[in-house]
Amino acid sequence: MEKLVIHGGNRLSGEIEISGAKNAAVAIIPATLLAQDVCRIENIPNISDVSCMVRILSQMGAQIRYINKHTIEINTKTVNSYIVPYEMTKQLRASYYLIGALLGRYSRAKVALPGGCNFGVRPIDLHIKGFELLGAKTTVEENAMINASADMLTGSPIYMDKVSVGATINVMLAAVKARGLTIIENAAKEPHIVDLANFLNAMGADVRGAGTDVIKIHGVSNLHGCTYAIIPDQIEAGTYMAAAAATGGDVLIKNVIPKHLESITAKLIECGVKVTEYDDSVRVQSDGKFKRINLKTMPHPGFPTDMQPQMAVLLSVAEGTSLVSEGVWDNRFKYIDQLMRMGADVQVDGTMAVFQGVKELMGAPVKADDLRAGAAMIIAGLMARGTTEIEDIIYIDRGYEDYVDKLRNVGADIYRKEISQTSSDAVSAG
Ligand code: EPZ
């Protein structure tokens with residue numbers, strides 16, 4: 001097992017290249033089950049969430065070939081089962097997309113519910129509502145198996161009571177080969193929803209309106225293979241923008257789509273950070289001092305919840321009082337316990353956190369509670385005085401490709417260190 005060691009205080013300077021979008025990749029890979037010949041996917045991020053999803057498809061019988069580190073060919077012709085047991089799905093929360101994809105392929109799916117991140121309840125009632133409106137009888141059986149089946153999936157109007165990325169994606173996967181027209185209202189509008197729609201249309205589907213709150217899907221009888229390049233990861237980009245700002249640095253973040261970063265750019269500028277947009281890159285410059293702001297996370301195009309912890313680190317040293325309101329998840333402030341170990345002054349009350357800016361953060365031993373919380377701890381460590389050690393970094397490996405190298409290349413003093421079992425025992429016994 002490894003931990004991160006960060007000696008804070010270095011200003012980041014130079015260039016960082018952004019990888020493909022995790023949340024697009026984990027939807028597009030299962031979508032290949034809808035075609036029965038080769039799909040070539042480019043700009044795949046080299047992260048453990050993606051390798052987990054690829055491993056699941058391979059265990060289901062798909063033929064998978066890595067052309068290079070970021071390009072993969074998947075042929076699901078040899079997949080011959082609609083059953084996915086828990087030992088496969090438990091590796092990855094997004095494995096529930098296999099329900100929609102298998103329903104789309106077989107009109108049947110028997111998929112064990114996966115685990116989940118640890119920030120609040122992760123229901124799937126909207127997914128099930130969508131499947132049932134398409135005509136699939138859906139039950140939850142022993143071993144948390146979701147059993148969904150239909151004689152023939154039939155298009156239907158589906159109103160999403162809450163904006164849900166996962167439910168929107170799962171219904172799209174089930175509906176592209178359903179008979180007739182499906183209309184998803186109050187659909188999620190994230191860039192990865194649009195990326196999945198573009199991938200499905202490249203396979204011959206008829207999906208219109210992705211990126212708006214009404215997505216119309218005319219079912220088709222067959223989908224074919226295709227070649228498709230995944231969009232850059234806007235959350236990875238935002239994370240490095242926050243890291244550059246936190247250290248008072250000057251960094252060019254390359255291979256981005258500036259439009260996908262609009263809300264992040266706007267809030268950084270409101271904090272006093274200089275952000276310059278180019279065609280496929282953004283430059284972030286900061287003196288390391290921040291104005292207080294209020295932040296509310298919302299579904300896209302609002303400020304993304306997956307950037308809330310990273311942005312909050314800047315607010316912990318912004319002069320004055322900043323309010324952070326988490327508008328998507330019930331309990332996404334667990335990381336604040338770790339931030340307070342570094343000297344942050346924060347009051348949490350439900351989905352609201354009040355930050356009293358302090359002069360500086362101090363290095364400390366902390367841990368990553370989840371993927372984005374871990375990213376926030378890295379930013380805090382880069383900014384803090386002294387040394388920060390971060391445990392449970394397996395969470396961070398899920399969503400950030402080569403993050404230690406990318407940060408070292410712009411001057412961060414950060415490295416991975418083996419944890420000897422005795423030292424961690426000592427801490428837990430302390
Ligand atoms: C996706 O999760 C992302 N994960 C999350 O990113 C992200 O935080 C979230 O969307 C919001 O943008 C992936 O794409 C793999 P939701 P998802 O369904 O689909 C409620 C990361 O760090 N809800 O949009 O699970 C739900 O409880 C991860 O990359 C229902 O009530 O999120 C939440 O309050 C963390 N019923 C809200 O909707 C449902 O059936 C939004 O959830 C589904 C969701």
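Trainee: Which residues line the second largest cavity?

Mentor: Keep in mind that this is a predicted model, in which local features need pLDDT of at least 70, side-chain atom pairs count only at pLDDT 80 or more, and totals for chains, interfaces and linings use all residues. Residues are numbered from 1 along each chain as its sequence is written, and side-chain values use heavy atoms, with hydrogens and water left out. A cavity is a set of points, on a 1 Å grid over the protein atoms alone, where a 1.4 Å probe fits but cannot get out, and lining residues have an atom within 4 Å of a point. Here the lining is Ile18, Pro232, Asp233, Gln234, Ala237, Val256, Ile257, His260 and Leu261.

Trainee: What volume does the second largest cavity have?

Mentor: Its lining holds six nonpolar residues, two polar and one charged; Ala, Val, Leu, Ile, Met, Phe, Trp, Tyr, Cys and Pro count as nonpolar, Asp, Glu, Lys and Arg as charged, and the others, Gly among them, as polar. A volume is the space filled by probe spheres set on the grid points, which are joined across faces, edges and corners. For the second largest cavity that comes to about 40 Å³.

Trainee: Which helix gives the largest share of the lining of the largest cavity?

Mentor: The largest cavity has a volume of about 70 Å³. Two or more lining residues come from each of helix H8 (234-246), helix H12 (371-383) and helix H14 (403-408), where helices (H or I, at least four residues) and strands (E, at least two) are DSSP runs numbered from the N terminus. Its lining divides into 10 nonpolar residues, one polar and no charged. With four residues, the largest share belongs to H12.

Trainee: How many residues line the largest pocket?

Mentor: A pocket is an open set of points with protein on both sides within 12 Å along at least five of seven lines. The largest one holds about 1,100 Å³ of space. Arg122, Val165, Gly166, Val328 and Trp329 lie nearest its centre, and the number of lining residues is 47.

Trainee: Why is helix H6 described as largely enclosed by the rest of the structure?

Mentor: Buried means under 20% relative accessible area, exposed over 50% and partly exposed in between, with a 1.4 Å probe and protein chains only. The buried residues of H6 include Gly166, Asn170 and Ala175. Helix H6 (residues 165-175) is largely enclosed because its buried residues number 10 of the 11.

Trainee: Which residue's backbone oxygen does the side chain of Asn170 reach?

Mentor: Asn170 is found in helix H6, and it counts as buried because its relative accessibility is 0%. A polar contact is a pair of N or O atoms within 3.5 Å; within protein, one must be able to donate a hydrogen and the other to accept it, and residues adjacent in sequence count only if both atoms are side-chain atoms. At 3.0 Å, the side chain of Asn170 reaches the backbone oxygen of Tyr96.

Trainee: What percentage of the ligand's exposed area does the protein bury?

Mentor: An oxygen atom of the ligand lies 2.6 Å from a side-chain N or O atom of Asp306, and a polar side-chain atom of Arg372 lies 2.9 Å from a ligand oxygen. A backbone N or O atom of Leu126 is 2.7 Å from an oxygen atom of the ligand. Taken alone the ligand exposes 830 Å², and the share buried by the protein is 92%.

How values were computed: Accessible areas come from the Shrake-Rupley method with a 1.4 Å probe; for residues, only the protein chains shown count as cover.
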